[in-house]
Amino acid sequence: MIESLAPKAPDPLLKIIKMYREDPRTDKIDLGVGVYKDGEGNTPVMRAVKDAEALLLAGQKTKTYVGQQGDVDFLKLVGQLAFGAMSREFVSIQAVGGTGALRLGCDLLREAGAKRVLLPAPCWPNHPSIVRAARLEPIDAPFFNITEQRIDMDALIASFAQAERGDGVILQACCHNPLGADFSLEQWTQLAAALNARGIIAFVDLAYQGFGDGIDEDVAGARRLLEQVPEAIIAISEAKSFGIYRERVGALFVKAAEKSRAAVMSNLAAIARANYSMPPDHGAAIVREVLSDEKLRASWREELDQIRSHIKRTRRQLAAARVNSMPMHLIADQKGMFSTLPLDGAQVTRLREQHGIYMTDSARINVAGLREADIPRFVEALKAVA
Ligand code: LMR
């Protein structure tokens with residue numbers, strides 16, 4: 001039985017990690033998976049995280065289960081950080097990373113009767129796999145013109161016609177992965193009206209709070225949407241905002257009418273129980289400690305501000321480069337870790353094979369992983385292939 005399994009294609013993002021590691025060139029440049037790197041190319045543990053871990057080590061009295069909902073104080077603090085006061089009305093459950101939250105949300109949608117999830121394309125390459133794993137149908141919704149680096153709202157809203165009432169649409173709250181192109185406040189309002197008109201559920205994916213324009217600025221659009229829709233699902237990852245990638249810290253929030261909240265919670269608990277039973281503790285405890293302690297919180301904010309400034313500086317430096325007809329200048333206006341360059345597969349392969357520069361096959365670059373010292377060589381390589 002097991003011997004008859006057919007092999008699966010490698011994950012488009014994770015395969016880059018392997019290829020990069022196996023490349024013996026010492027001047028190779030890794031713009032693959034979305035991990036922030038400092039000027040020296042390291043991904044250090046944030047000071048506030050180290051301090052919180054020391055507190056946890058000294059103070060933790062038990063390793064018994066955290067409970068089905070997870071760390072309730074963590075959920076309150078993370079909800080407040082993302083949505084302010086309105087989060088008090090939301091049902092919440094801790095999740096195994098942002099991916100785990102997305103999967104919980106898709107399973108919930110399916111349980112509620114949804115059949116499809118619209119994915120504004122290009123989307124994060126893992127979104128369709130998560131949707132399919134929840135036995136929902138992923139539907140591509142045209143959304144972005146890569147050559148012009150422009151959001152096409154008309155095309156996106158027109159694509160909503162492919163969904164039925166109760167289906168979902170995944171909307172990235174900020175720092176779009178893979179495009180770096182975010183909706184304006186007006187566009188969020190437009191989206192809310194279009195979703196309400198068709199009865200489609202907004203499924204907000206928030207994974208980079210603080211990486212774009214600021215902690216509050218990055219969620220202003222999603223908050224506007226959430227104020228205007230009766231029901232919504234929100235998946236949160238804290239991997240990037242706290243630099244705790246391997247701790248798998250996520251949360252799922254659901255906006256629903258008061259009378260259905262207990263049923264929503266019981267469904268989420270049942271889905272989680274059959275999947276991983278109860279969430280891990282450590283990463284969420286770190287976030288709880290940092291957000292509940294004034295000093296740690298201030299230290300975290302300061303370091304997050306530095307990360308954001310560094311990414312913005314890299315964006316400006318790239319935007320100043322002239323690369324044949326590529327619209328490099330637009331990179332400065334884009335947000336967060338990623339941008340997608342107008343390069344085809346053959347150009348991406350040449351960058352990798354001839355120049356040792358690694359990005360996804362779809363030409364997504366992790367701007368937050370580009371060292372200042374590597375920018376000139378990266379630009380020269382782009383000129384050579386573009
Ligand atoms: C990415 O898109 O590079 C990150 O979100 C890492 C991942 O899990 O794919």
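The largest cavity is lined by P120, C123, H127, F143, I170, L171, Q172, H176 and F183. The space inside this cavity comes to about 70 Å³. How many cavities of 30 Å³ or more does a search of the whole structure find? One. Please keep in mind that this is a predicted model.

Now to the ligand. The ligand sits in the largest pocket. Which residues surround the ligand? They are L13, V33, G34, W124, N177, Y208, K240 and R364.

Next, where the ligand lies in relation to the domains. Domain 1 covers 11–44 + 305–385, and domain 2 covers 49–294. Why does the ligand lie between them? Because both domain 1 and domain 2 give residues to the shell around the ligand.

Some of these shell residues can be described in more detail. Take W124, a member of the shell. A polar atom in the side chain of W124 is 2.9 Å from an oxygen atom of the ligand. For N177, a polar side-chain atom lies 2.9 Å from an oxygen atom of the ligand. Then there is K240, whose side chain has an N or O atom 3.2 Å from an oxygen atom of the ligand. As for cover, the ligand on its own has 260 Å² of accessible area, and the protein covers 80% of that.

To recap: the ligand is in the largest pocket, and it lies between domain 1 and domain 2, because both contribute to its shell. The largest cavity, with residues such as P120 and F183 in its lining, was the other topic.

Key: Residues are numbered from 1 along each chain as its sequence is written. Side-chain values use heavy atoms; hydrogens and water are left out. A residue is near a molecule or strand if one of its heavy atoms lies within 4 Å of it. A polar contact is a pair of N or O atoms within 3.5 Å; within protein, one must be able to donate a hydrogen and the other to accept it, and residues adjacent in sequence count only if both atoms are side-chain atoms. Accessible areas come from the Shrake-Rupley method with a 1.4 Å probe; for residues, only the protein chains shown count as cover. On a 1 Å grid over the protein atoms alone, a cavity is a set of points where a 1.4 Å probe fits but cannot get out, and a pocket is an open set with protein on both sides within 12 Å along at least five of seven lines; lining residues have an atom within 4 Å of a point. A molecule sits in a cavity or pocket if more than half of its atoms lie within 2 Å of its grid points. Domain bounds come from an automatic or database domain assignment. Grid points are joined across faces, edges and corners, and a volume is the space filled by probe spheres set on the points.
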